[in-house]
Amino acid sequence: MREIASLIQALVLMCNSWQESENKSFWCADAWARKREVAAKLRRPITRAIPTWLSVTGVKQQAGKLDWSDAKFTVIKERAALIRDIFKKRVQGCGLQSIATWINNQDIPPWGSNRRKTHGGWNHVYISNILHSRAVLGEFQPYKLSEGRYSAPIAARGPIPNYFPRIVPDDLWLAAQYFNGKPRQHPGRPSLALSAGLAIDPDGAPMHLTHHSQMPAYLSTSFAFRHNNKTTWHWRLMHLEQCLPLIIQKINWQKVLSNPDDEPRLLELRGQLGEIAQQEQTIKARLQHAAKILLTDLGALNDEIKAQAAALTSQQALLSERHRETIHKINQLETLTKVPLEITKFNLEDFPKNNLTPEAREQFRRQLRNLLKKIILYPDGNIPGFPTNAIRTEAESHFSGVSRRRPKPGERMFGAIRLLTVSNQDLIFWVTHPAIITKNRPPIILATHGSDIFFKK
């Protein structure tokens, strides 16, 4: 207490320092708020911290300060082209890690900080950030710190559209978001199974890939069910991947996924779209007429005409929104049967020879998930409620022709693959068992169950 004067002096100094820091924080926050308002009004750069596919030009230095009045964004064409390729590969079904590997194999140096350059180049995290970013659409979302330094950033205001140059069209960006919502494998550990995440056994348990160095890969019942006295089912992976392309090619996907109510609904939506277009033309003509009246300066009538013009503008905005929603609904109905057409383009010979590239396998797997909810595997071929005597007779005949011997009692001749499609259609395929397949004889489909219109002739 004898040095109380020194203590008071130290407290005063600390209070002054704290107040100075608070003032600077307030002034900086106010300056950035003004910059954000300028960005929203003039659509010009306010900082060099921008997306890595853009650069800022036109910044001048006057009297020791930077003059941003003539600044503008410039697109780096090579980087913009690469980003469009990234979106296209994602829409084709490629995974994040495979896209990053594809870029690294081209020896394209990473953008941005030096840390990414020293940690292995492109990675799945940065690819994901690009695919989810709305900056590629030209949108800018300003942020600010919620509670000062080191706090979490929060949105400072609403997003600013058309701020950056657009480099990706809306339809391509939306298609990529559709694939971004699909299940994905752990980065760096891509699944070997084309049916990953879809295959289940007759008891409803998921089937996982089991692979040993000296044994062929199998899909097996999960370990959780083995401890509950459940049957352990196995299906050879190579055999299943030989059967899937045959089954996919045999299904008439347009009939499977089509809905009888879609066509009347399409006609109704197109009629609504035509009606909206006529209303928009009428409002546009009335607005042009109101503008001509305002230009003639009729005095007292100006206020009434302005009110009418404001009401017409509001109606025009509502019609534009209805126009966009109607087009979106029409596109959803029209593109429903276009997705599966891509899956039929794979060469069937590439599957048994295992000639598919990792990108092609990922693409096939993604498209399979778009078509199917589940793949139920019956390794013994017995499905409750479906007699299989005729199927067994045909399988035994085929087995005798291939191996030139009679099958042993109880020897498995066939299995069953049951597909539950996204349109809730139940399709069943009985296929020859791996035991009667040779290198020169791929599996065959012995029988099918389902409506005849769902299968190709």
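Predicted model: local features only at pLDDT ≥ 70, side-chain atom pairs only at ≥ 80, totals over all residues.

User: Why are α3 and α5 called roughly perpendicular?

Analyst: The axes of helix α3 (residues 96–105) and helix α5 (residues 124–132) cross at roughly 105° and come within 8 Å. Angles of 65 to 115 degrees count as roughly perpendicular, and α3 and α5 are therefore described in that way.

User: What makes the contact between α3 and α5, by class, nonpolar, polar or charged?

Analyst: The contact has 6 nonpolar, 3 polar and no charged residues. On the α3 side it is made by Leu96, Gln97, Ile99, Ala100 and Ile103, and on the α5 side by His124, Ile127, Ser128 and Leu131.

User: Why are β7 and β14 said to stand at the edges of the sheet?

Analyst: The open sheet has 5 strands in the order β7-β11-β12-β13-β14, with mixed pairing. β7 (199–200) and β14 (445–449) each have a single partner strand, so one side of each is left without a neighbour in the sheet.

User: How do you know that β11 and β12 are paired?

Analyst: Pairing requires at least two bridges between two strands. Strand β11 (residues 372–378) and strand β12 (residues 414–421) are joined by 6 bridges, so they pair under that criterion, and they run antiparallel. Leu377 stands opposite Ile417 in β12. Helix α8 (residues 237–250) lies across β11, β12, β13 (426–432) and β14, at about 130° to β13.

User: Which residues have the most contacts inside the largest nonpolar core, and which element gives the most to it?

Analyst: This core has 38 residues, and those with the most contacts inside it are Ile83, Phe87, Trp122, Ile127 and Val136. Helix α2 (77–91) is one of the elements that give two or more residues to the core, and α2 gives the most, with 5 residues. Apart from this core lies another, of 31 residues, including Trp235 and Leu377.

User: How do you know that Asp107 and Asn162 are exposed?

Analyst: A residue is exposed when its relative accessible area is over 50%. Asp107 has 66% and therefore counts as exposed; Asn162, at 58% relative accessibility, also counts as exposed.

User: What makes the phi of Asp107 and of Asn162 worth noting?

Analyst: Most residues other than glycine have a negative phi. Asp107, which is not a glycine, has a positive phi of about 60°, and this residue lies in the loop between α3 and α4 (114–117). Asn162, also not a glycine, has a positive phi of about 55° and lies in the loop between β6 (153–155) and α6.

Definitions and conventions. Residues numbered from 1 in each chain as written. Heavy atoms only, no water. Axes fitted to C-alpha atoms, helices over the stretch in contact; angles between N-to-C directions. Helix = DSSP H or I, 4+ residues; strand = E, 2+ residues; numbered from the N terminus. Parallel < 35°, antiparallel > 145°, perpendicular 65-115°, else oblique. Contact = heavy atoms within 4.5 Å. Nonpolar A, V, L, I, M, F, W, Y, C, P; charged D, E, K, R; others polar. Core = buried A, V, L, I, M, F, W, Y, C linked by side-chain atoms within 4.5 Å. Buried < 20%, exposed > 50% of the residue type's maximum accessible area, 1.4 Å probe, protein only.
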